[in-house]
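Trainee: I've got a model open and would like to talk through how it is put together. Can we go at it in questions and answers?

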Amino acid sequence: MNLLLSLTEQCNLRCSYCYYKLSQVNRELEMSDEILEASIALGLERTIKLKQGFFNITFFGGEPLLRMPSIRKGVRLAKSMVKARRDELPENFELRFAVNTNGTLLTDEILEFFKKEKFQIYISLDGPQRKHNISRVYVNGKGCFKDLAPHLPKLAAMDAVALTVVTREHVRGLARSVQWIYDQGFTSMTTSVDFDGKWTVEDFNALALEYQKMAQFWVNEMSRGHQIYLGTIQDKVSYNILGLRQKNRACHIFKGGLGIAANGNVFPCSRFITSNPDAKYVLGSVFDGYRRLFSGPVAKDICRFLKYDKPECKECAIRYRCAAHECGCTSFYTTGSIYGVSPEVCTHERILTAICDEALAKRMASGVFVKPQ
């Protein structure tokens, strides 16, 4: 079970591609202790009901490090609740913690706390200074790389996952940025495209060239026996090898994941989160009670999405590896509906899947099998 908690809508950055810039316009709301406690209790109850072997709590925002006291309290609450209900959990049950951060507010003391509690850290990193500062800027418009850079060695040593967002401005040189991140010691990384409805044929052609370079880089490093997880390439390869659907492998919408807004609204996944009164796909409030949350009209709609294929994708050979078909979050933020199919995302997925399949063929030809993540 994955529980994502939006501790605050406040953020010290104003990234150009932030997908919450419209849904959290005022950037004022903070999650109360009451909602924090109710959210963790709900997540644990969901874990028990689904008979899952782990409960992962991700502290999110805005920028969650603005609420370090709440992160510490959340860890204490979760440990206490799990201890109280230990008899209802599997013998090998794991309680896990994670945090998504821009890294600019990190200190050695915070990093030591994360290390002690075995946090998985997801760090926003778009590449070297020039690339990172294109979109990741402070309120005054100045880039933030200089405040993140001192922490990169420790983050890499802690096996943090580097998350890179690709806008049309980042495309040229993307493969070099990925190589640079790897050279800083990060062995786990992935890239995601900012689908803004403005990608052109020329942009996609340039991106395809960068993906080819990234795939070759991945093939080379894997062939040398080096530890590397480049999700952009490797995930698509794993789906192919294992014959799995993305919905079953990587998508946790509703069935294995929940997102809680700062005001206590419950959503089926991260991209839906907002405290806006007209929010779509709200399951309810953390105070509504378990049965009401998971048996209402939104819950039933999500279940339909999980069960049925999209008609326009019926004849597509890659539909079960395609974010346009499989990912409700991507569909929602690019079309406004979990049932929508974005032509932009569709084009991207066709390009990426073809390149990843070619990379798999090269790996198989080398006689070294890919270890799925």
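**Strands, core and rings**

Mentor: Strands are DSSP runs of at least two residues (E), helices are runs of at least four (H or I), both numbered from the N terminus, and two strands pair if DSSP finds at least two bridges between them. Keep in mind that this is a predicted model, where local features need pLDDT of at least 70, side-chain atom pairs count only at pLDDT 80 or more, and totals for chains, interfaces and linings use all residues. Residues are numbered from 1 along each chain as its sequence is written, and side-chain values use heavy atoms, with hydrogens and water left out.

Trainee: Which residue in E5 is the bridge partner of isoleucine 123?

Mentor: For isoleucine 123, the bridge partner in E5 is alanine 162.

Trainee: And what stands opposite isoleucine 123 on the E3 side?

Mentor: E3 and E4 also pair in the parallel sense, over four bridges. The chain gets from E3 to E4 through H3 in a right-handed β-α-β crossover (right-handed: with the strands pointing away from the viewer, the path from the first strand over the helix to the second runs clockwise). The residue opposite isoleucine 123 in E4 is threonine 101.

Trainee: How many of the six residues of strand E5 are buried?

Mentor: Buried means under 20% relative accessible area, exposed over 50%, and partly exposed in between (1.4 Å probe, protein chains only). Strand E5 (residues 161–166) is largely enclosed by the rest of the structure, because the number of its six residues that are buried is five.

Trainee: What is the angle between the planes of phenylalanine 97 and phenylalanine 119?

Mentor: Rings of Phe, Tyr and Trp (its six-membered ring) pair if their centres lie within 6.5 Å; planes under 30 degrees apart count as stacked, over 60 as edge-to-face and the rest as tilted. Phenylalanine 97 is buried at 3% relative accessible area, and phenylalanine 119 is buried too, at 6%. Their pair is stacked, with 5.5 Å centre to centre and a plane angle of 20°.

Trainee: Which ring does the charged end of arginine 96 sit over?

Mentor: The test is NZ of Lys or CZ of Arg within 6 Å of the ring centre and within 35 degrees of the ring normal. Arginine 72 lies over the face of phenylalanine 113, 4.5 Å from the ring centre. For arginine 96, at 4.3 Å from the centre, the ring is that of phenylalanine 54.
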